[in-house]
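Here is a short briefing to read alongside the structure. Have the viewer open and follow along as we go from ring pairs to a helix and then to the nonpolar cores.

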Amino acid sequence: IINIQRNNVNLNLNLFSSIANTEIKGNIKIADLNNPSYSLKGKVNELNISRLTNNPDDLSNLNFTFDIDGRGIDLNNINGRFDFDIGNSSYAEYNIPALPVNIQINNSSGSNSYALKSDLLDVNVSGNFTFESLSKVINNNIELISARFKNVLSPDSVPLSENNIDIYNFSGFESDNFNLNYELKMDNPAIAEEILQPFGIIFNGNIEGSFVNDNNQFSANANLNAQKFKYQDTLIVLNNFKSDLSLTNTYSLVKNDGSVSSFEINLNAKGDSVIYQNSLYDSVNIDLNLSNSLANIKVTGKQDSSLAAYLKGKIDLQENPLTATFDSVRFNYGNILISNNKDWIIKYVPNQEIGFEQFVIKSDSVYLNLKGNYSFNGNSDLSLVGKDIPLADIYAIIFPVDSGKTLVRKQYPVQGNINDLFVNYKGDFENPQITAGVQTGKLVYIGSEENQDIGNLKFNLDYKNESADILIDLKNAVDKGALNITGTIPYSNPFKE
């Protein structure tokens with residue numbers, strides 16, 4: 001029954017169809033068609049969305065009651081209370097448990113607030129904004145940020161037209177100014193898991209932050225506190241993970257040069273454990289600061305009790321090639337400590353090659369210098385050089401001992417130094433050329449009763465075209481005898497499966 005008296009519409013409807021069974025009772029005041037007021041109660045049973053979309057993937061059985069009392073039909077000026085009581089329902093292959101949802105909306109000149117409360121989560125949004133400006137400004141900033149970083153890290157993939165850069169600058173549009181604060185909190189982890197798990201997601205925690213846009217800049221802040229987050233079983237798992245992220249885009253610095261100089265990004269993140277693609281990392285800490293195209297980064301983490309890492313440095317995203325300089329590097333594996341001797345300087349030409357300009361690896365008194373270029377698509381030229389390496393330190397790396405349990409390091413029978421170590425890789429994985437050389441000082445065999453001088457050893461390897469030329473030259477300690485072995489050994493390309 002529909003009863004219309006002047007500007008009042010009274011409803012008492014019972015509708016039955018293949019789409020849904022619906023009951024609606026209440027009143028609508030239509031004196032202002034652009035801003036009607038309404039007070040409605042009712043229920044909907046067996047709502048099948050696929051009947052509306054003609055898409056069998058939308059097959060559903062939705063059941064809920066509603067009680068709404070409000071005014072307005074535009075999201076920017078709607079006001080009122082909107083209560084829903086969702087019964088056991090289904091959508092596609094997903095089951096939806098019974099869930100009450102209460103929504104309170106208040107919009108007035110210069111003030112907006114939206115509050116959603118349910119057994120699943122609470123959401124609060126407040127500020128001064130319009131949905132049109134939010135959508136336009138946030139989407140354009142995301143598109144700009146994404147395109148600029150792609151341009152820097154992978155130039156061939158950039159989709160952004162620099163000729164239309166003005167559409168990403170809102171400095172002259174006060175109508176698009178806004179401020180918004182938001183908070184999302186999961187109330188009931190059990191219900192959240194029941195609803196989200198079919199989508200491969202488990203989340204227990206809260207997120208809060210803000211979006212602000214004015215004539216000068218766009219800024220976004222997000223604080224995440226996740227007691228537990230899981231995506232696709234073990235693809236990504238976070239436990240007791242907290243992060244603070246802030247991002248600013250200064251419009252006056254947005255230029256047609258494809259750079260990231262207009263962005264300022266700060267990230268602080270830490271977690272008890274992080275699992276990524278089945279690999280577990282403990283006590284993870286990440287600090288990132290990007291300003292004027294210079295990113296300062298510090299990362300620490302552990303893997304079980306055997307591996308720990310510390311990395312601190314900076315990456316210059318303005319230079320071409322990109323330059324990364326790491327002043328502090330430490331990797332602990334068991335009882336092996338690997339660190340940097342001087343700053344590691346690495347240059348990256350996007351999609352082409354990585355260059356090791358200064359990269360000295362230190363472990364005990366072992367120093368190895370990696371130099372040259374590794375090409376992704378062309379020919380590489382990469383060398384590893386070492387000098388004056390004690391064999392005792394090589395033994396300690398290959399056969400580490402727990403210094404907390406072992407007071408005296410084990411003596412291995414052959415002692416001495418490697419005076420020169422050289423390995424060079426040229427070409428590509430299809431046609432590699434490998435040259436290697438080892439030159440020792442005097443080697444000594446440590447016997448149970450007396451020591452025996454062995455002499456000096458020289459070893460050379462030249463590999464190409466699936467063939468290895470080998471030279472082994474051993475001279476005794478007093479140069480009265482020599483052993484020389486040369487030969488050619490066929491050997492399949494080690495980089496082919």
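Does Phe-203 count as buried or exposed, and what is its relative accessibility? Phe-203 counts as buried, at 11% relative accessibility. Please keep in mind that this is a predicted model.

**Aromatic pairs**
- The structure holds 18 aromatic pairs.
- One of them joins Tyr-114 and Phe-131 edge-to-face, with 5.5 Å centre to centre and 80° between the planes.
- Tyr-114 belongs to strand β10 (residues 111-118) and Phe-131 to helix α2 (residues 131-153), so this pair links distant parts of the chain, 17 residues apart.
- Tyr-114 is buried at 14% relative accessible area, whereas Phe-131 is partly exposed at 31%.
- Phe-203 and Phe-229 also form an edge-to-face pair, at 6.3 Å centre to centre and 70° between the planes.
- Because Phe-203 sits in strand β13 (residues 201-213) and Phe-229 in strand β14 (residues 217-231), their pair ties together parts 26 residues apart in sequence.
- Phe-229 is partly exposed, with a relative accessible area of 22%.

**Other ring arrangements**
- One aromatic cluster is formed by Tyr-348, Tyr-374, Phe-376, Tyr-425, Phe-429 and Phe-495.
- Over the face of Tyr-310 lies Arg-330, at 4.6 Å from the ring centre.

**Helix α3**
- Ile-191, Ala-192 and Ile-195 are buried in helix α3 (residues 189-196).
- These buried residues line one face of the helix, because they fall within an arc of 100° when seen down the axis of α3.
- An α-helix has 3.6 residues a turn, so residues three or four places apart point the same way.
- Strands β9 (99-108), β12 (178-186) and β13 are among the elements that cover the buried residues of α3.
- At the start of α3, Asn-188 brings a side-chain oxygen to within 3.1 Å of the backbone nitrogen of Ala-190.

**Nonpolar cores**
- The largest nonpolar core has 39 residues, of which Leu-40, Phe-129, Phe-178 and Phe-218 touch the most other members.
- Elements that give two or more residues to this core include β2 (8-16), β4 (37-47), β5 (60-71) and β16 (263-276).
- Helix α2 gives the most to this core, with six residues.
- Leaving out residues up to four places away in sequence, Phe-178 touches a set of residues including Phe-129, Leu-134, Val-137, Ile-138, Phe-211 and Phe-218.
- Another core, of ten residues, lies apart from the largest one, and its members include Leu-99, Leu-121, Met-186 and Ala-226.

Note on methods
Residues are numbered from 1 along each chain as its sequence is written. Side-chain values use heavy atoms; hydrogens and water are left out. Rings of Phe, Tyr and Trp (its six-membered ring) pair if their centres lie within 6.5 Å; planes under 30 degrees apart count as stacked, over 60 as edge-to-face and the rest as tilted. Helices (H or I, at least four residues) and strands (E, at least two) are DSSP runs, numbered from the N terminus. Buried means under 20% relative accessible area, exposed over 50%, partly exposed in between (1.4 Å probe, protein chains only). A charge sits over a ring if NZ of Lys or CZ of Arg is within 6 Å of the ring centre and within 35 degrees of the ring normal. The arc is that of the directions from the helix axis to the C-beta atoms. Contact means heavy atoms within 4.5 Å. A polar contact is a pair of N or O atoms within 3.5 Å; within protein, one must be able to donate a hydrogen and the other to accept it, and residues adjacent in sequence count only if both atoms are side-chain atoms. A nonpolar core is a set of buried Ala, Val, Leu, Ile, Met, Phe, Trp, Tyr and Cys residues joined through side-chain atoms within 4.5 Å.
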